[in-house]
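Student: Before we settle on any labels, could we look at the model together and ask what each label rests on?

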Amino acid sequence: MAGPLEQFEIKPLAELSVAGIDVSFTNSALWMVLAAVLVTCFMTLSMRRGALVPGRWQGAAEVMYEFVANMLKDNVGTAGRKYFPFIFTLFMFVMFGNLLGMIPHSFTFTSHIAVNFALALVIFVGVTVIGFMRHGTHYFRMFFPEGAPIATAIILIPIEIISYFSRPFSLAIRLFANMTVGHIMLKVIGGFVGLIGILGVLPFALLTGITVLEFGIAALQAYVFTILTCIYLHDAIHMH
Amino acid sequence: MPQFDLATFSEQIFWLFVIFAVLYMLMSKIALPKVGEVLERRHKTIEDNLGKARALKDETDAAIAKYEAALAEARDAAQADIREATEKAAAEHAAKTEALVKKLSKKTADAEKAIAGAKDDAMKGVADAASDIAREATDKLIGVKVQAKTAEKAVLAIVGE
């Protein structure tokens, strides 16, 4: 019986290295490719006819488009319009990654801190660059809100700096923890089903419930990841 | 925990960036413009149709207003015609009535004159008869023959009172 952590193991499928750095194509990369292919197929094949009155698939693709577009508009406003492709790609990539992870014996690339943190760091750096480009040195005001008494600076500025720099960590760790814990839980409870004979129906029922919950979490965490990105983007564009 | 195996970080991050970048390109260059275009086209079609409907409605409203105006005009004209006809008829009627009245009053006057003439003749006849009776009576009663002229004078003197 495989341990609950085995499902997270990175297995190289093709050894590769560039300039001495290991860039092997792994199961993680394979599932990323799958997610990207599925997202692309979903968004292009369903829109192939581009009908005025959408069918089922086209309707689904349009719903995703409008869902993310509205999320961006509500949280960032019209100034966020040009970041829409990035936000959309981010949401679909993370959500498909999470959902593909629900397939038994698949691999959940979003359960890996390296992937999540790399994404979060790109967002963090990008948002910071956007902030400085729009506001110049005024962007430092982020760390000391206007109107606050000068005496509070000594407490406020460190707190704001810490909260600002903890953004990529909270972003990455939230997704990693949710995905990892969910999958471990499924694996552990699934292990009980066969072990305790007829009583196994109890963990099986629980497992069924948790699976449903995990599907919800898969979508929800993609949403949370994206909406936090939108909020950071809002801060960078409009300050507080 | 495999998640903390630093040896796997470089390969994960490398492929993440490659695949995410490719997906980003596919989305931003191909997939999303198409969706946006379809949504835009639908929005435009709906707007166009609404605009068309609005124009048609305006046209209908204008036609209705025109029709109502024409109707009101026709009604006014008809009423004027009726009034005119009524007035004409009333005038004609009044003229006829007047003529009739005139004719009738003339007839009445003629008749009255005729009656008056007849009455005079009758009165004269009565006087003649009375003088005759008076002469006869005097002749028979006292045997005096009274001249016709005298008797007539005497009768007229009584009747004339």
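Tutor: Let us begin with the order of elements in this predicted model, where chain A runs β-β-β-β-α-α-α-α-α-α-α from the N terminus on, which comes to 7 helices and 4 strands.

Student: What makes A:Gly190 partly exposed?

Tutor: A:Gly190 has 18 other C-beta atoms within 10 Å; a residue counts as buried at 20 or more and as exposed at 12 or fewer, so with its 18 A:Gly190 falls in between and is called partly exposed.

Student: Where does A:Gly190 lie in the secondary structure of chain A, and how far apart in space are A:Gly190 and A:Thr208?

Tutor: A:Gly190 belongs to helix 6 of chain A, which covers residues 167-195; from A:Gly190 to A:Thr208 the C-alpha to C-alpha distance is 9.7 Å, with the two residues 18 apart in sequence.

Student: How many of the residues of chain A count as buried, as a percentage?

Tutor: Of its 240 residues, 33% count as buried, and the C-alpha atoms of chain A fill a box of roughly 70 × 50 × 45 Å along the principal axes. Among contacts in chain A between residues at least 6 apart in sequence, 62% join residues at least 24 apart.

Student: How do you know which residues of chain B are listed as "transmembrane region"?

Tutor: That name comes from an unreviewed UniProt entry, which lists residues 12-32 of chain B; in the model, the chain over residues 12-32 is 100% helix and 0% strand, with its end C-alpha atoms 27 Å apart.

Technical notes:
Residues are numbered from 1 along each chain as its sequence is written. Chains are lettered from A and ligands numbered from 1 in the order in which they are written. This is a predicted model: local features need pLDDT of at least 70, side-chain atom pairs count only at pLDDT 80 or more; totals for chains, interfaces and linings use all residues. Helices (H or I, at least four residues) and strands (E, at least two) are DSSP runs, numbered from the N terminus. Two residues are in contact if their C-beta atoms, placed from the backbone, lie within 7 Å. UniProt positions are given in the numbering used here, feature names are shortened, and annotations may be inferred rather than shown by experiment.
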